[in-house]
Amino acid sequence: MKRNQLAQMGKLLAAALVGLISTSLQANAKPGRSKQLAYAEIMSCTGEGKLGTAFLAEQRSKEGIKTVKISLKVKGLTSGAHAVHIHETGTCDPCSAAGGHFDPGPNSNSKPDGNHPFHMGDLVNIKVGPSGRGHLKTQSTRITLSPGPLSIFDTDGSAFIIHDNKDTFCPEGSTPGCAGGSRAACGIIRPQKPGAKDTMRRQNKRKKTRAQKKRRKQQRWSETEET
Ligand SMILES: [Cu+2]
């Protein structure tokens, strides 16, 4: 056998070995531990720049049920409740280009006032305080980040839309515009690079630490008052 042929065979064997190792790693991935992450920068629809950020994390139960946790923070919105949905196209230029509500087939109907509130991308309202700031923490089993029929990373991607008004969850468009009306903000959802730090987890950890510190401080105060 010639030296060239031997080298080529060696390369093929190495490639096959790498493939085998990676398949076996995937097969052994523990449910609940393997996480898909994504994020979105929330931009104003009226030219006021960045208004916030959203983080998404998919977790799989032992039974294989996929849940996507969502944490979305915004500022600069009017006080009150605002509709939040995942819309069907990953573009925000202009905000109307994000299309209707994410609702893949076979019986899809992405019209905001049709099939509402049963679109796969329908979420609960975000509550914005008098300061214009709001934080939404929610989860959905209607969508996935990983590949599949409900993946928001389909061929044209997906985007968050925050509306000017609240979603009244009217069934089947019984009142036009009841899904939130005009669009206030938009954020293209992008996959977070593998190996990126889980920002949502870090945020929650920071929040827990702050709450613990506050509790300890309160305890110290009450102890001082008692003595
Ligand atoms: Cu919407």
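The model is predicted. Mean pLDDT for the chain is 83. A value of 70 or more is reached by 77% of the residues.

The chain contains two helices and nine strands. Read from the N terminus, the order is α-β-β-β-β-β-β-β-β-β-α. The chain has 227 residues, and 32% of them count as buried. Contacts between residues at least 6 apart in sequence were also examined by separation. Of these, 63% join residues at least 24 apart.

Strand 1 covers residues 36-44, and strand 2 covers residues 50-60. The two run antiparallel and are joined by eight bridges. They form a hairpin, with five residues between the strands. Glycine 47 lies in the turn of this hairpin and has a positive phi of about 80°. Within the pair, isoleucine 42 has glycine 52 of strand 2 as its bridge partner. Alanine 38 stands opposite leucine 56 in strand 2.

Strand 1 also pairs with strand 9, which spans residues 183-191. This pairing is antiparallel and has five bridges. Alanine 38 takes part here too, standing opposite proline 191 in strand 9.

Strand 2 continues the pattern with strand 3, residues 66-74. Nine bridges link these two strands in the antiparallel sense. The bridge partner of arginine 60 is lysine 66 in strand 3. Strand 2 and strand 3 form a hairpin, again with five residues between them. Glycine 64 sits in its turn, with a positive phi of about 100°.

The largest nonpolar core holds 41 residues. Ile42, Leu56, Phe160, Ile162, Ala185 and Cys186 touch the most other members. Two or more residues come from each of strand 1, strand 2, strand 3, strand 5 (84-87), strand 6 (126-128), strand 8 (159-163) and strand 9. Strand 2 gives the most, with five residues. In soluble globular proteins, nonpolar side chains tend to be buried together.

The contacts of phenylalanine 160 were then listed, leaving out residues up to four places away in sequence. Phenylalanine 160 touches Ala40, Ile42, Ala54, Leu72, Val84, Ile86, Cys186, Gly187 and Ile189.

Isoleucine 189 belongs to strand 9. Isoleucine 189 is buried because 23 C-beta neighbours lie inside 10 Å, where 20 or more are required. Beyond four places in sequence, isoleucine 189 is in contact with Ala38, Ala40, Leu56, Gly90, Ile152, Gly157, Ser158, Ala159 and Phe160. Isoleucine 189 and threonine 89 are 100 residues apart in sequence. Their C-alpha atoms are 9.6 Å apart in space.

Two loop residues were also examined. Glycine 100 lies in the loop between strand 5 and strand 6. Is glycine 100 buried or exposed? With 22 other C-beta atoms within 10 Å, glycine 100 is buried. Not counting residues up to four places away in sequence, glycine 100 touches His87, Glu88, Ser110, Lys111 and Pro112. Glycine 121 is 21 residues from glycine 100 along the chain, and their C-alpha atoms are separated by 9.5 Å.

Arginine 133 is in the loop between strand 6 and strand 7 (134-140). Arginine 133 has 15 other C-beta atoms within 10 Å and is therefore partly exposed. That class lies between the cut-off for exposed, 12 or fewer, and the cut-off for buried, 20 or more. Arginine 133 touches Val74, Lys75 and Val128, not counting residues up to four places away in sequence. Serine 79 is 54 residues from arginine 133 in sequence, and their C-alpha atoms lie 8.0 Å apart in space.

Definitions and conventions. Residues numbered from 1 in each chain as written. Pairing = 2+ DSSP bridges. Helix = DSSP H or I, 4+ residues; strand = E, 2+ residues; numbered from the N terminus. Core = buried A, V, L, I, M, F, W, Y, C linked by C-beta atoms within 7 Å. Contact = placed C-beta atoms within 7 Å. pLDDT = per-residue confidence, 0-100.
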